[in-house]
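Hello,

Here is the structure I promised to pass on.

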Amino acid sequence: MSTNSDYAALALRLSSGALFVAHGLMKVFVFTIPGTVGYFESLGLPGVLAYLTIAAEVAGGLALILGVATRAVALALIPVLLGAVWVHSGNGWVFSSEGGGWEFPLFWAVIQAAIALLGSGAYALKPSAPQAALA
């Protein structure tokens with residue numbers, strides 16, 4: 001029997017997963033992979049990190065949507081988001097600032113922590129272990 005928190009976890013999982021897939025595919029189809037690699041390199045990061053970020057966003061987003069390894073995936077995506085916080089930190093707080101601010105990726109990182117704590121919720125292909133098992 002599903003509870004309200006199961007449906008809350010589902011809502012967070014689906015919305016966050018869809019955003020990750022959209023952000024990953026935007027790096028492929030809008031910015032292009034060479035453009036994304038170039039941007040990462042312009043920040044002083046190794047270009048290979050762009051490929052890893054795209055893979056993490058697309059695969060992680062799909063895993064969240066499907067409810068597979070939800071807790072682990074949510075935790076694994078937090079460093080990606082903290083990297084985005086770092087990238088946007090010089091642009092100020094508001095994401096509508098030129099270059100985007102840092103509040104959105106920080107908020108999204110907190111959402112991943114909430115998903116990791118809640119687990120998969122309702123309608124997951126592979127439900128997370130019960131929260132008591134994490135204690």
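**Aromatic contacts**

Phe-20, Phe-104 and Trp-108 come together in one aromatic cluster. Please keep in mind that this is a predicted model.

The count of aromatic pairs comes to four. For Tyr-7 and Tyr-123, the ring centres are 6.3 Å apart and the planes meet at 50 degrees, so this pair is tilted. The pair joins distant parts of the chain, since Tyr-7 sits in helix 1 and Tyr-123 in the segment after helix 5, 116 residues away. Are these two buried or exposed? Tyr-7 is partly exposed, at 39% relative accessibility, while Tyr-123 is exposed at 66%.

**Helix 1**

Helix 1 covers residues 4–29, and its 26 residues reach 37 Å from first C-alpha to last, close to the expected 38 Å. Its buried residues are Ala-9, Leu-10, Arg-13, Ser-16, Gly-17, Phe-20, Val-21, Gly-24 and Lys-27. An α-helix has 3.6 residues a turn, so residues three or four places apart point the same way. The cover over the buried residues of helix 1 includes helix 2 (33–42), helix 3 (48–66), helix 4 (70–88) and helix 5 (103–118).

**The largest pocket**

The largest pocket holds about 630 Å³ of space. Helices 1, 2, 3, 4 and 5 each give two or more residues to its lining, and helix 4 gives the most, with eight. Of the 25 lining residues, Lys-27, Tyr-39, Phe-40, Ala-84 and His-88 lie nearest the centre. By type, the lining divides into 17 nonpolar, six polar and two charged residues.

Best wishes

Key
Residues numbered from 1 in each chain as written. Predicted model: local features only at pLDDT ≥ 70, side-chain atom pairs only at ≥ 80, totals over all residues. Heavy atoms only, no water. Helix = DSSP H or I, 4+ residues; strand = E, 2+ residues; numbered from the N terminus. Expected span 1.5 Å × (residues − 1). Buried < 20%, exposed > 50% of the residue type's maximum accessible area, 1.4 Å probe, protein only. Contact = heavy atoms within 4.5 Å. 1 Å grid on protein atoms, 1.4 Å probe; cavity = no way out; pocket = protein on both sides within 12 Å on 5 of 7 lines; lining within 4 Å. Points joined across faces, edges and corners; volume = space filled by probe spheres on them. Nonpolar A, V, L, I, M, F, W, Y, C, P; charged D, E, K, R; others polar. Phe/Tyr/Trp six-rings, centres within 6.5 Å; stacked < 30°, edge-to-face > 60°.
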